Amino acid sequence: MNKYELALVVSAKLDQAGVEAVVDNAKQLIERFGGQVTEVEEWGKRKLAYEIQKQKEAFYFFVQFEADATAPAEIEARMRIMENVLRYLVLCKDENDTFKVSPEKPQAEEEAEEAPAEEAAVEEAPAEAALDAEAPAEEATEEAPAEE
């Protein structure tokens, strides 16, 4: 199971009970797709960097959880249609509890990808030489009808 963090920005128009209901729905989604919530961090009401749906403030929550690799896509798909969630983001954590921006490839895969690229470069060189040899002949045939 992988470690993830769900960042939620919830509408400030809701009362405390409404905000808690949105967070509970998010936790239920995580559990529904085989995840286990490990921690919920509430940052409270904060000013937004820019207006979202004509709102200048919102409630911020960060939910840490563990789940299979397929769970984040399913969770995000459900979060997208939740009315009172202004923004959301699921991030993957690595072994050092730092966030991964993009998944890293194993070294064996990188070497396998580099080898065909080198072979292709060697194969292209003779083909380019053949094209250069044909170019003057084409120019000569094009010039002959133009001189008549």
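**Figure 1. Confidence across the predicted chain.** Mean pLDDT (the predictor's confidence in each residue, from 0 to 100) is 78 for the chain, and 64% of its residues reach 70 or more. This is a predicted model: local features need pLDDT of at least 70, side-chain atom pairs count only at pLDDT 80 or more, and totals for chains, interfaces and linings use all residues. Residues are numbered from 1 along each chain as its sequence is written, and side-chain values use heavy atoms, with hydrogens and water left out. Over residues 102-110, pLDDT stays under 50. For that stretch the model has two contacts (heavy atoms within 4.5 Å) beyond four places in sequence. Where pLDDT is low, the predicted coordinates should not be read in detail.

**Figure 2. Order of helices and strands.** The chain has three helices and five strands. Helices (H or I, at least four residues) and strands (E, at least two) are DSSP runs, numbered from the N terminus. Along the sequence the pattern reads β-α-β-β-α-β-β-α. Of the contacts between residues at least 6 apart in sequence, 68% join residues at least 24 apart. Buried residues (under 20% relative accessible area; exposed is over 50%, partly exposed in between; 1.4 Å probe, protein chains only) make up 27% of the 148 residues.

**Figure 3. Strand β3 and its two partners.** Ten of the 13 residues of β3 (residues 55-67) are buried, so this strand is largely enclosed by the rest of the structure. Two strands pair if DSSP finds at least two bridges between them. Strand β1 (residues 2-11) runs antiparallel to β3, joined by ten bridges. Here Glu5 has Gln64 as its bridge partner in β3. Strand β2 (residues 36-52) is also antiparallel to β3, with eleven bridges. Lys47 is bridged to Glu57 of β3.

**Figure 4. The turn between β2 and β3.** These strands form a hairpin with two residues between them. Gln53 lies in the turn and has a positive phi of about 50 degrees.

Figure 5. Rings of Phe, Tyr and Trp (its six-membered ring) pair if their centres lie within 6.5 Å; planes under 30 degrees apart count as stacked, over 60 as edge-to-face and the rest as tilted. The count comes to two aromatic pairs. Tyr4 and Phe65 are stacked, at 5.5 Å centre to centre and 25 degrees between the planes. This pair links distant parts of the chain: Tyr4 is in β1 and Phe65 in β3, 61 residues apart. Tyr4 is buried, at 6% relative accessibility. Phe65 is buried too, at 1%. The rings of Trp43 and Phe62 have centres 4.6 Å apart and planes at 55 degrees, so this pair is tilted. Trp43 in β2 and Phe62 in β3 are 19 residues apart, and their pair also links distant parts of the chain.

**Figure 6. The buried side of helix α2.** In α2 (residues 71-79), Ala71, Pro72, Ile75 and Met79 are buried. They cover an arc of only 95 degrees around the axis, which puts them on the same side of α2. The arc is that of the directions from the helix axis to the C-beta atoms. Cover for these buried residues includes β1, α1 (16-32), β3 and β4 (85-93).
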